[in-house]
Amino acid sequence: MKKTIFGALLSGTALAASGALAADVTLNIESWRTDDLTLWQDKIIPAFEAANPGIKLNFNPTAPAEYNAVLNSKLEAGSAGDLITCRPFDASLALYDAGHLADLGDADGMSNFSDVAKSAWQSDDGSASFCVPMASVIHGFIYNKDAFAEVGVEVPTTEAEFFAALEAFKADGSYIPMAMGTNDQWEAATMGYNNIGPNYWKGEEGRRALIAGEQKLTDEQWVAPYATLAKWGAYLGDGYEAQTYPDSQNLFTLGRAAIYPAGSWEIAGFNTQADFEMGAFKPPVMNAGDTCYISDHTDIGIGMNAKSANPEAAKAFLNWVASPEFAAIFGNALPGFFPLSNTPVELNDPLAKEFVSWRGECESTIRSTYQILSRGTPNLENDTWGASVAAIKGTETPEALGAKLQAGLASWYAPQQ
Amino acid sequence: MQKRRFPWHIIVFLAPAVLVYTAVMIFPLFNTLRLALYSRVDQERIYVGMQNFQTLFLDPIWSEQFWNALGNNFWFFIIHMLVQNPIGIVLAAILSHPRLRFAALYRSAIFIPTILSFVIVGFAWKLILSPIWGIAPSMLDAVGLKSLFAPWLGKEEYALTTLALISVWQFVGIPMMLIYAALLSIPEEVLEAGEIDGITGMSAFLKIKLPLILPSIGIISILTFVGNFNAFDLIYASQGALAGPDFSTDILGTFMYRTFFGFQLQLGDPHMGSAIASAMFVIILIGVCIYLFGIQTRMRRYQM
């Protein structure tokens, strides 16, 4: 008797389970954007599920620092989700080469993107695309408008004006001129070197020449940004050596610092934290009227796990991500992550608008170390972190740093040998 | 004459522990050693023999990092041996004093950090020492010593020592408890006999108690050694995988993690990572062997 009841129960649950399967497909999304959890749950997922009955989404983020390691282990073990948020360049390319990411070249939505937008998620020869570009981030400086008005400083456009502004804040003494620390290292490279650098190496021109082996990291245009960073040290807060990234964010949003070397991803957080008016200015150029270059870095894409059990549903979702509808939701919900699709998206946030307006005035490029050049050991990106910190602290000369980076790159990268 | 039955019960009782231990410790250990002998070339795993170790020790890019990490690891260990263990012994000696009041309170208070998570300890100390929000600068300021303050965790020359001292703060309870237990097990008669011979106070500690707790000190030293050379968590939690500033706090654990799992744009290399893990294993094995065969066998033991 007991057995039959148990059997009935068992078949009952089995039926229920298969019933649910027939009705709904659940797609799991792997991501490092823990910050976006509410955005996905409140806006993106409901919008998609309303348009696509029968497909359910489950957004499953991992902490950013662990994401790559966790994702690789999950993919090796076969337990990764159907949709995979793609880091730009080699991390995702390696996943594609290992057969973990499916080729999306034939998906309809991919025609909505320019070649530059797709370049971060393509094989080196450009024949295969494996992630739908979601967003890019733009570098620049965010400043405290109240502080600028109070101390009477004009928004700088040239480097001389930039340092004059810093000097004015230092002399005034009521604000820390610039909020950045070197404890976490990456800010120095990402918001320092790769923020101001494109103006020196002329954006894409220099970046491509470096990849082709026509320029070297010891050349003037690659060393000079370190010399400029070396002048930053004097204008950072007391004990900046142990100041972490959240420390810098808090210093600025509490109104204690005047300028914050930024990536546009800060906008959403700063809008909620800061109670003063903020503005943004682009990396200063050498002489007034010079062509400006900005780092408009392709940052997030999304692709499909090649071993996904629901490839059709996953493709439907990716096509939706490629649509203007998604771009509008994403671009406005996350001001500072700028959609890459060809259809222009109207943004509401004034600070985000300011950043994105530079796309029209300046030449766009991406971070110099991300494509191809960080493939070997020693890793150029990680070395650039250390070098930028050393430049700011003044522990090594810009020339020595350039020579060290060049030696490291040349040790494995054939075009530079 | 009855034939002795095969002692099945021994096998049955041993089986769970042996199976679990083999599955979670012995197998992964040997698999890691095996993994170190392979490399991945064009998505294909191939046997390369000792080549990974050659790279690790002979290629300047790798060997420089390895020796830096090993050197830092020794410094980390030396600080623990010089600071943690003597303080632990002194605390235990004070605690075991029969006339000390609130001994249980002190004992718990000093031991509590040991059970805290590394993440909490790392985060709390980072806040305490923060030049912006920390209480360390304002406390020093209150006693007029503000000039002594430096952003310790951000300076190449101080960061590792600072972290080692944080770790000492966290773990000083362990040697204290072990020595405390050893001190309590010394019979009263021995001490009384010494007292009759005129040995009291400090000399009683040095001449009677210390020789009797020497085996415990040996055990603590080897536990410290193994613990320090396997350390990773505190550095990772407070300085990140790049063990900044400028790799000055990089120890073997963080070096292994960075290599094995990758970091930022650097992709993980399980094979080189395993080679580093194997080197760590050998270093710890050598250290333990020196202790077991060189020191412990010569140590005098007293019947109590």
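Figure 1. Chain B contains 13 helices and four strands. The model shown here and in the views below is predicted. Along the principal axes, the C-alpha atoms of chain B fill a box of roughly 90 × 80 × 30 Å. Chain B has 304 residues, and 32% of them count as buried. Take the contacts in chain B between residues at least 6 apart in sequence: 66% of these join residues at least 24 apart.

**Figure 2. Helix 3 and helix 7 of chain B, packed together.** Two packed helices are described by the angle between their axes and the distance between the axes. Here, helix 3 covers residues 60–95 of chain B and helix 7 covers residues 159–171 of chain B. Their axes lie 9 Å apart and meet at an angle of about 45°. The crossing of helix 3 of chain B past helix 7 of chain B is right-handed. On helix 3 of chain B, the contact is made by B:Asn72, B:Trp75, B:Phe76, B:Ile79, B:His80, B:Val83 and B:Gln84. Helix 7 of chain B answers with B:Leu160, B:Thr161, B:Ala164, B:Leu165, B:Ser167, B:Val168 and B:Phe171. By class, the residues of this contact between helix 3 and helix 7 of chain B are nine nonpolar and five polar, with no charged residue.

**Figure 3. The contact of chain A with chain B.** Chain A gives 32 residues to this contact, and chain B gives 24 residues. Helix 17 of chain A has the largest share, with six residues. This side of chain A holds 11 nonpolar, 14 polar and seven charged residues.

Figure 4. In the contact, 15 residues of domain 1 of chain A meet 17 residues of domain 2 of chain A. On the domain 1 side, strand 8 (293–304) and helix 16 (350–361) of chain A each supply at least two residues. Strand 8 of chain A has the largest share of that side, with three residues. The domain 1 side divides into eight nonpolar, four polar and three charged residues.

Note on methods: Residues numbered from 1 in each chain as written. Chains lettered and ligands numbered in written order. Predicted model: local features only at pLDDT ≥ 70, side-chain atom pairs only at ≥ 80, totals over all residues. Contact = placed C-beta atoms within 7 Å. Nonpolar A, V, L, I, M, F, W, Y, C, P; charged D, E, K, R; others polar. Buried ≥ 20, exposed ≤ 12 C-beta atoms within 10 Å, placed from the backbone. Axes fitted to C-alpha atoms, helices over the stretch in contact; angles between N-to-C directions. Left-handed = near helix turned anticlockwise from the far one by under 90°.
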